[in-house]
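The following exercises ask the reader to work through a structural model step by step. Each task is followed by its solution.

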Amino acid sequence: GQCTLVCPVGALIEAPDWHDVLHTLDAHRRVSAVQVAPATRVAISEEFGMEPGTVSTGRMINALRQVGFDYVFDTNFAADLTIMEEGTELMTRLKDGQKLPLFTSCCPGWVNWVEINRPDLLPHLSTTKSPQQMHGAMTKRGVFASMLGPAFASGEAEPYVVSVMPCTAKKDEARRPDMAGDVDHVVTTRELAKMIRARGIAFGALPDDGTFDNPLGESTGAGQIFGASGGVMEAMVRTAAHFLGEEDSLPLEWHQLRGVDKVVKTADVPGLGRVAICNGIAAAQELLEDESWRQTFVAIEVMACVGGCLGGGGEPKSMDPLILEKRMKAIYAIDRQAPKRRAHENQDVQKLYSTQLKHPNSPQAHALLHTSFAPRHSTRSLLMRFLDCVDRRDG
Ligand code: SF4
């Protein structure tokens, strides 16, 4: 059996954090910053009666300012940063011929599943933090804290950091001991809708013209497609092509990795090798059943939710049978219209590497942007062991 910690699909009742967030904002004790994940902007509209697939990026930014946040940032910025770190990590592993294939680790549902059910796979997980946690680190201890002034840069004062995620498992991720409390509160897309209602904001009447603050607000289309199954791999392939000097010869779009059907999809990337994506944990289990994955692939993406984050347990509930397709189309439309579509083209990410972070996978980047994983036991397995002990003692 698998542990409920994996539960990304909302079968667990989410512990609501939005009340605490509103109280903290109202107390005005700390500078506040919020980041929004790619899958939230294509789904929040549904909570306010708009057509599924309506993109509400600007409306959501305006609403977050009215809710009371001082700064509104984009998780997509950190998705671009994730690609720089993870893409570089992949290149290094390829050079060393070690710990391949690389599994993505930005989905805590998948990470939890590996830690509990397949700890033997842990060396294959990318050590890069997820975009949520990278963004939190850059806000609380990185470039944003420095921008606010010496008291913040030294850690004497701390900004209050909230993230809006499509995901209930992200709450658990933010509490991991290695994450240094970089994200104070995680609210789901549904909780954001509750916050907007509690503030009496007429979401549908807001203009869709809000823009993100900088420096943690710029992003490319590559960051946006993180919200769909296959998107992390496609974004990584776009930047790997650049690292390999093949940017002009390789396609930008990898349609064979897209879609909401619950299967394993693969693509051959000339110069890099064969990559796979698993749309949902069941697809990952299917891939792992046949040991040939060890030799066949150089990189494998796993997203625990079918469809990826756009199908996350924190997204609005919908009766529409085509809901995943509609949100997915909206995500790829944002990418298509983006002026820049490759993570390494993000100028603020480039600036970060020319200053604080030096280069991808540098010691500075490792300190802020990487993590580690360890085997863990599910509550159920601990209970079983306890009962086993009691049983033996009684016997
Ligand atoms: Fe969360 Fe996305 Fe993973 Fe689902 S796929 S568990 S929403 S990170």
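**Exercise 1. Confidence**

What pLDDT does the chain average, and what percentage of the residues score at least 70?

*Solution.* Step 1: pLDDT is the predictor's confidence in each residue, from 0 to 100. The chain averages 93, and 92% of the residues score at least 70. Step 2: as this is a predicted model, local features need pLDDT of at least 70 and side-chain atom pairs count only at pLDDT 80 or more, while totals for chains, interfaces and linings use all residues. Residue numbers start from 1 along each chain as its sequence is written. Step 3: the model scores are ipTM 1.00 and pTM 0.92. Where pLDDT is low, the predicted coordinates should not be read in detail.

**Exercise 2. Parallel strands and their crossovers**

Trace the pairing of β1 with β2 and β4, and continue to β5.

*Solution.* Step 1: helices (H or I, at least four residues) and strands (E, at least two) are DSSP runs, numbered from the N terminus. Two strands pair if DSSP finds at least two bridges between them. Step 2: β1 (residues 32–36) runs parallel to β2 and is joined to it by four bridges; Val 34 is opposite Val 72 of β2. Step 3: together with helix α2 (residues 57–67), β1 and β2 make a right-handed β-α-β unit. A crossover is right-handed if, with the strands pointing away from the viewer, the path from the first strand over the helix to the second runs clockwise. Step 4: β1 also pairs with β4 in the parallel sense, over five bridges, and Gln 35 has Ser 163 as its bridge partner in β4. Step 5: β4 is joined to β5 (residues 185–188) by four bridges, again parallel, with Val 164 opposite Val 187. The chain passes from β4 through helix α8 (residues 169–174) to β5 in a right-handed β-α-β crossover.

**Exercise 3. Burial of β2 and β4**

Which residues of β2 are buried on each side of the strand, and how many residues of β4 are buried?

*Solution.* Step 1: a residue is buried if 20 or more other C-beta atoms lie within 10 Å of its own, exposed if 12 or fewer, and partly exposed in between, with C-beta atoms placed from the backbone. Step 2: in β2 (residues 71–74), Tyr 71 and Phe 73 are buried on one side, and Val 72 and Asp 74 on the other. Step 3: in β4 (residues 160–165), six of six residues are buried. Tyr 160, Val 162 and Val 164 point one way, whereas Val 161, Ser 163 and Met 165 point the other way.

**Exercise 4. The open sheet**

What is the strand order of the open sheet of four strands?

*Solution.* Step 1: the order is β3-β8-β7-β6, and the pairing is mixed. Step 2: β3 (102–103) and β6 (264–269) are at the edges with a single partner strand each, so one side of each has no neighbour in the sheet. Step 3: β3 pairs with β8 (residues 299–303) in the parallel sense over two bridges, and Leu 102 has Ala 299 as its bridge partner. Step 4: helix α12 (residues 281–289) lies across β6, β7 (273–279) and β8, at about 135° to β7. Such angles run from 0 to 180 degrees between N-to-C directions, and axes are lines fitted to C-alpha atoms, for helices over the stretch in contact.

**Exercise 5. Helix packing**

How do α3 and α5 pack?

*Solution.* Step 1: α3 (residues 75–96) and α5 (residues 131–140) pack at about 105°, with axes 8 Å apart. Step 2: the two helices are therefore roughly perpendicular, since angles under 35 degrees count as roughly parallel, over 145 as roughly antiparallel, 65 to 115 as roughly perpendicular and the rest as oblique. Step 3: the α3 residues at the contact include Phe 77 and Leu 81, and those of α5 include Met 134 and Met 138.

**Exercise 6. Backbone details**

Which residues does a cis peptide bond join at an omega of about -5°?

*Solution.* Step 1: the residues are Leu 100 and Pro 101; Pro 101 lies in the loop between α3 and β3. Step 2: a cis peptide bond also joins Asn 214 and Pro 215, with omega about 15°.

How values were computed
Two residues are in contact if their C-beta atoms, placed from the backbone, lie within 7 Å.
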